Amino acid sequence: MSRQGINLGYYKGIRIGLDYSWFIIFILVVFMLATYYFPENYENITTVSAWLLSIFAALLFFLSILLHEFAHAVTAQKREVEITEIVLFIFGGLARMKREPDRARDEFFIAGAGPMCSILIGILFLGLAYVAEPAITEGLYGVFWYIGYINIVLAAFNLLPGFPLDGGRMMRAAIWHYSGNLRKSTKIVSNMGQFFAFFLIFVGAVVIFGGAIIAGIFWIFIGMFLLQSAKSGYYMVAMREGLSGIPVRNVMTVDPATVHPDVSLRNLVDEYFFKNRFSCFPVVKRDEVLGLIEINQVKSVDRANWESTKVSDIMTPVEKTGTVSPETDAYDVLMHLIDSANGRMIVLEDGKLVGVVSRKDIMKFVELQETLRS
Ligand SMILES: [Zn+2]
């Protein structure tokens, strides 16, 4: 779900990635600067230097966003909240946490560090432009001024009090700190996030009717992304709360039908998948669990070879799917499953198969709870 884009490198175990959508914003920024910002404000600059300065400014903008995300990541690490990766994408970056912070105080400072960093960069560059103005070329002045300005705008946008923006996270942390209710505080800022998202989509539509189609589409994109994140942010919290204290035993599929490793795929499809209507079977030989076989894996084998291919040839071995005890916390298992390529784990008790647990099982459980609550 998250391994897309280009790998820029690693820093202290944090992956730094560049989403392909970033190239769109990069080109837009360069284009906007070279055709509008420099010609409008600095008449003496030639077209060629305007383009070169624009590329330079866009690179500095890129670095600013990277620093903003690093500020989040470093603060998180100081507070022992694990960050897995930083991804730069269409309208900025995202420091992805392995799991959400457990304490309001941590969340407040981690979220606040980013905008704080942007404000500092903004002040630094505006100050630089002001102090160095007599000594530097008009073009360089323009670059400094733009970077200062864009960082202040970035900070202001991120400080809007709607989830998942930094300001929304800070606000959630504050409400959470005083009310002690994470779910309620997330609901409030998630609603505000959705309100901002709709507002951006509306602005985008107005801008499009005004004739600026690309800018309008850009705002609508950001709005839709925000809308999606605001909704899923609440869902994640509902999930965490709904699952707290719930062991895997309560959410797993109990005593699943099993299949022998020597069964052919043809047999597996006819006698197992169609008869039982499960999409996955544990592979078991004399009470020993060897792995899992899923319907998708069968699909990848040519139909002509179904007779000659055995389940053991294509199953996912148990070392890869991993096993859990029925007493493990369901939320921890879900977090693990979200990160891993396999959506299922085998549940063993005293070395014996007692069930299978999947991402879907756990989410369904939460959905049911959510339905009964409202
Ligand atoms: Zn941020």
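In strand S7, Glu 288 is the bridge partner of Lys 285. Strands here are DSSP runs of E of at least two residues, and helices are DSSP runs of H or I of at least four residues, both numbered from the N terminus. Two strands are taken as paired if DSSP finds at least two bridges between them. The model is a predicted one, in which local features need pLDDT of at least 70 and side-chain atom pairs count only at pLDDT 80 or more, while totals for chains, interfaces and linings use all residues. Residues are numbered from 1 along each chain as its sequence is written.

Strand S7 (residues 288-294) runs antiparallel to S6, to which 6 bridges join it. These two strands belong to an open sheet of 3 strands, ordered S6-S7-S8, with antiparallel pairing. Strand S6 (280-285) and strand S8 (316-317) are the edge strands, each pairing on one side only.

Further antiparallel pairing involves strand S11 (residues 352-358), which is joined by 2 bridges to strand S5 (residues 253-254). Within S11, Val 356 is the bridge partner of Thr 253. Strand S11 also pairs with strand S10 (residues 344-349) in the antiparallel sense, over 6 bridges, and Ser 358 in S11 stands opposite Arg 344. S10 and S11 form a hairpin with 2 residues between them, and Asp 350 in the turn has a positive phi of about 50°.

Helix H6 (residues 182-209) has 28 residues and should span 40 Å at 1.5 Å a residue, which agrees with the 40 Å between its end C-alpha atoms. The expected span is 1.5 Å times one less than the number of residues. Gly 211, with a positive phi near 110°, follows H6.
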